[in-house]
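Hi,

Here is the model I promised to pass on.

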Amino acid sequence: MKHVLIILICALVSPALASGDHDDARDAVRQQQVIPLADIIPGILLEFDARLLEAEFEREHGIYVYELELITGSGRMIEVMVDAATGEILEVEQEGRYERDD
Amino acid sequence: MNTGSLRLRLFIASALSVSIALILAFWGLGQLFASHVERRAIDELSVQLDQILVGIERDAAGQIIMGAVPADARFTTPFGGLYWQIETEGQQLRSRSLWDFALDLPPDHLKDGAVHVHYLPGPGSDLLLVMERSVQLPSRLGGIPMRAAVGMDAANLEESTEQFRDDLLPYTLVLALFFVGAGVAQVFLGLRPLASVGRRIERIRAGDASRVGEDFPSEIRPLASEVDALLAQRESDIEQARHRAGDLAHGLKTPLQALLGEAGRIREAGLADSAEAIESTADTMRRHVDRELNRARIASRAAASKTDLAEAVSRVAMVVQKANPTNTLSWKLDVPQGLAVAADMETLLEILGAITENAARHATQTVQIYAREKSQHAILSVLDDGPGIEPAKIEALMRRGGREDESGTGLGLAIARELTETLGGAVQLIPRNRGLMVQITLPLATN
């Protein structure tokens with residue numbers, strides 16, 4: 001309850017506060033609400049043939065999401081939204097159209 | 001001792017030692033580089049750790065916070081490769097790069113100020129090189145003890161070493177090629193004198209040389225000297241045997257004379273047939289004895305003699321021409337002046353006479369005689385353009401003792417041959433396209 005409060009306060013006070021989101025992520029992982037980022041990243045990097053530039057941990061529409069910024073091997077920058085609880089890709093944003101390999 | 005090739009043995013040995021040396025060097029340099037990379041990484045971590053310590057502050061609520069986050073972007077990007085973590089009693093601060101992961105610092109109790117280096121698991125499956133230090137914070141920060149740690153991905157270090165090894169490999173291979181090539185060159189250069197020993201001995205067998213000589217590397221010189229000593233020993237053995245044969249012939253002379261006298265008395269006693277048989281046998285024996293004595297006499301005289309070959313040849317040619325005044329042969333003589341052989345004039349004339357007469361008898365138009373010098377020997381060639389001799393017949397002609405039942409031609413050549421051999425030379429009959437070539441090899445006079 002205390003952590004939820006902290007997260008709420010953080011979200012309310014400064015939604016863009018990046019310096020603290022890793023601590024939020026750690027708390028969420030320890031409460032087994034989300035999958036550790038390290039478990040999700042390798043699959044995604046492999047799928048997009050990309051390197052991780054930046055990650056953010058947010059709560060959107062009531063669920064925790066990882067917002068990942070990637071650069072692909074061919075030099076395209078893409079943003080991937082991942083459901084932090086399931087590891088499911090929710091959204092892929094990029095310049096131009098993204099074609100999945102499968 | 002097994003046979004096979006010395007070259008192959010040396011080559012295999014050198015290839016093996018070069019391979020082992022280079023593999024050790026390759027491995028050793030890789031290890032050196034890895035420890036060098038680790039030392040540099042530890043140096044960098046030490047700088048980063050100092051920065052972390054400088055950045056520590058305390059907020060209004062008395063909590064420790066990281067005021068000035070180190071500028072390196074690797075600290076702020078999730079899994080960025082560079083991490084920090086500080087721990088006080090009841091409080092833990094982590095770099096953003098660690099994300100949801102916390103370093104599990106081993107529970108070793110560090111003395112204040114002491115620095116420890118560990119390899120610890122990092123976020124994901126990465127291994128981190130971690131430097132850790134215990135400090136006592138100043139009183140404005142609460143004066144409490146604290147552990148501070150910075151770490152970096154150990155995979156990077158390993159990758160550098162791998163890259164170094166990849167870069168090193170082509171050079172190692174080039175070096176290996178060079179060393180193996182140098183080894184081959186060494187083996188070939190080093191073993192070349194052995195082949196020249198073989199060639200020298202071959203020349204001795206062909207009669208072109210008498211000794212192997214001493215001009216060899218010190219490792220081979222004992223072999224050459226031993227061979228030379230063996231040759232000298234053989235020569236003196238032969239010399240001794242000849243002396244003994246001479247002594248034997250000499251010793252037989254008087255008993256033979258006595259035997260003939262005895263045969264005379266048997267004849268007087270009326271046993272003519274028995275006397276005849278004894279006399280004929282004794283005669284044959286005396287011929288052999290005389291021949292041997294003659295040989296010994298010529299040989300002992302020849303060693304000290306010195307006869308001009310050109311003079312002997314021109315004298316023989318003149319005599320043979322005069323003997324056949326009706327003959328219209330053209331004579332071609334080419335014997336260099338000053339070529340002196342170790343033979344007395346008398347024997348030399350006998351040899352040359354027999355051979356030249358033979359050539360003149362068979363020649364149709366021309367008789368050629370020329371001489372040249374070759375390794376302490378004079379080689380005299382007498383050529384005619386007659387019908388020649390079949391190769392098979394040459395052998396029969398030259399057979400020792402074959403003269404008894406041969407024609408006059410054979411007799412002359414066989415005598416010439418025997419005399420030449422007594423002088424330490426040799427006679428060869430060589431069939432030509434047209435006619436025959438007789439080659440006489442005679443030792444040059446020494447001094």
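In what order do the five strands of the open sheet in chain B run? The order is β9-β11-β12-β14-β13, with mixed pairing. Before going on, some housekeeping: this is a predicted model, so to speak of local features I needed pLDDT of at least 70, side-chain atom pairs count only at pLDDT 80 or more, and totals for chains, interfaces and linings use all residues. Residues are numbered from 1 along each chain as its sequence is written, chains are lettered from A and ligands numbered from 1 in the order in which they are written, and side-chain values use heavy atoms, leaving out hydrogens and water. Helices (H or I, at least four residues) and strands (E, at least two) are DSSP runs, numbered from the N terminus.

β9 (330-334) and β13 (426-431) of chain B are its edge strands, each pairing on one side only; two strands pair if DSSP finds at least two bridges between them. From one strand to the next the twist averages 15°. β11 (366-374) and β12 (377-384) of chain B run antiparallel and are joined by eight bridges, with Tyr370(B) opposite Ser381(B) of β12(B).

Helix α5 (309-323) of chain B lies across β9, β11 and β12 of chain B, at about 170° to β9(B). Axes here are lines fitted to C-alpha atoms, for helices over the stretch in contact, and angles run from 0 to 180 degrees between N-to-C directions. α5(B) also packs on α6 (345-362) of chain B, at about 45° and with the axes 9 Å apart. That makes the two helices α5(B) and α6(B) oblique (under 35 degrees counts as roughly parallel, over 145 as roughly antiparallel, 65 to 115 as roughly perpendicular and the rest as oblique). On the α5(B) side the contact (heavy atoms within 4.5 Å) includes Leu309(B), Val313(B) and Val320(B), and on the α6(B) side Leu348(B), Leu352(B) and Ala360(B) are among the residues involved.

Chain B also has a UniProt annotation, from an unreviewed entry, of "transmembrane region" over residues 168-191. UniProt positions are given in the numbering used here, feature names are shortened, and annotations may be inferred rather than shown by experiment. In the model that span is 100% helix and 0% strand, and its end C-alpha atoms lie 34 Å apart.

Now chain A. It has three helices and four strands, in the pattern α-α-α-β-β-β-β along the sequence. Of its 102 residues, 33% are buried (under 20% relative accessible area; exposed is over 50%, partly exposed in between, with a 1.4 Å probe and protein chains only).

Helix α2 (21-30) of chain A is mostly covered, with seven of its ten residues buried; Asp21(A), His22(A) and Arg26(A) are among them. What do the buried residues of α2(A) pack against? They meet β1 (50-60) and β2 (63-72) of chain A, together with β4 (91-94) of chain B. Gln32(A), which follows α2(A), has a positive phi near 55°.

Further along, β3 (77-83) and β4 (89-94) of chain A pair antiparallel over five bridges, and Val82(A) has Ile89(A) as its bridge partner. These two strands form a hairpin with five residues between them, and in the turn Gly87(A) has a positive phi of about 85°. The unreviewed UniProt entry annotates residues 32-93 of chain A as "domain: PepSY"; that stretch is 19% helix and 53% strand, with its end C-alpha atoms 28 Å apart.

Cheers
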